[in-house]
Amino acid sequence: MTQQPLRGVTSLRFNQDQSCFCCAMETGVRIYNVEPLMEKGHLDHEQVGSMGLVEMLHRSNLLALVGGGSSPKFSEISGKCPHPIPPLAQTP
């Protein structure tokens, strides 16, 4: 029997104007646009480990990442930025 990867959501947070939201999971980070609903970016488990919390500053590529979950790659007090996210496209 093969083991399925954990997909538990640990945090779901909207940005300041509720145009995007970030999802911290056991498998990494996902960033979504609200209207239209679509994924804008992601950081996989290999890049960031499991995440406890992620916050986006307005509609920018600045993210606050907090390690957590079952296999964090970075500690809860680390100040590292492992991989930059490309800027998000502005919607009209």
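**Entry 1: salt bridges**

I began by looking for salt bridges, meaning a side-chain nitrogen of Lys or Arg within 4 Å of a carboxyl oxygen of Asp or Glu, and I found that the structure holds two salt bridges. I noted at once that this is a predicted model, in which local features need pLDDT of at least 70 and side-chain atom pairs count only at pLDDT 80 or more, while totals for chains, interfaces and linings use all residues. I also wrote down that residues are numbered from 1 along each chain as its sequence is written, and that side-chain values use heavy atoms, with hydrogens and water left out.

Side chains of opposite charge can pair when their charged atoms come close.

Arginine 13 is partly exposed at 39%, and glutamate 55 is partly exposed at 24%. Arginine 30 counts as partly exposed with 22% relative accessibility, as does glutamate 39 with 34%.

**Entry 2: the chain as a whole**

In what order do the elements of the chain run from the N terminus on? I read the order as β-β-β-β-α-β-β, and the chain has one helix and six strands. Of the 92 residues in the chain, buried residues make up 32%. The accessible surface of the chain comes to about 5900 Å², and 58% of this belongs to carbon and sulfur atoms; such areas come from the Shrake-Rupley method with a 1.4 Å probe, and for residues only the protein chains shown count as cover.

I also checked contacts, which means heavy atoms within 4.5 Å. Among the contacts in the chain with a separation of 6 or more, 39% are between residues 24 or more positions apart.

**Entry 3: the nonpolar core**

Which residues form the largest nonpolar core? I listed 10 residues: Cys20, Cys22, Ala24, Val29, Ile31, Leu43, Val48, Met51, Val54 and Met56. Strand 2 (20-25), strand 3 (28-33) and strand 5 each supply at least two residues of this core. A nonpolar core here is a set of buried Ala, Val, Leu, Ile, Met, Phe, Trp, Tyr and Cys residues joined through side-chain atoms within 4.5 Å. In soluble globular proteins, nonpolar side chains tend to be buried together.

Serine 11 itself lies in strand 1 and is buried, with a relative accessible area of 9%.

**Entry 4: serine 50 and glycine 49**

Is serine 50 buried or exposed? Serine 50 is buried, at a relative accessible area of 0%, and its place is in strand 5 (residues 49-56). A polar atom of the side chain of serine 50 lies 2.4 Å from the backbone oxygen of glycine 68. Not counting residues up to four places away in sequence, serine 50 touches several residues, among them Met25, His45, Gly68 and Pro72.

Glycine 49 is also found in strand 5 and counts as buried at 3% relative accessibility. Glycine 49 and glycine 68 are 19 residues apart in sequence, and their C-alpha atoms are 8.4 Å apart in space.

**Entry 5: lysine 40**

Last, I looked up lysine 40, which lies in strand 4 (residues 38-44) and counts as partly exposed at 27% relative accessibility. The C-alpha atoms of lysine 40 and cysteine 20 are separated by 8.9 Å, with the two residues 20 apart along the chain.

Note on methods
Helix = DSSP H or I, 4+ residues; strand = E, 2+ residues; numbered from the N terminus. Buried < 20%, exposed > 50% of the residue type's maximum accessible area, 1.4 Å probe, protein only. Polar contact = N/O pair within 3.5 Å; in protein donor to acceptor, adjacent residues only side chain to side chain.
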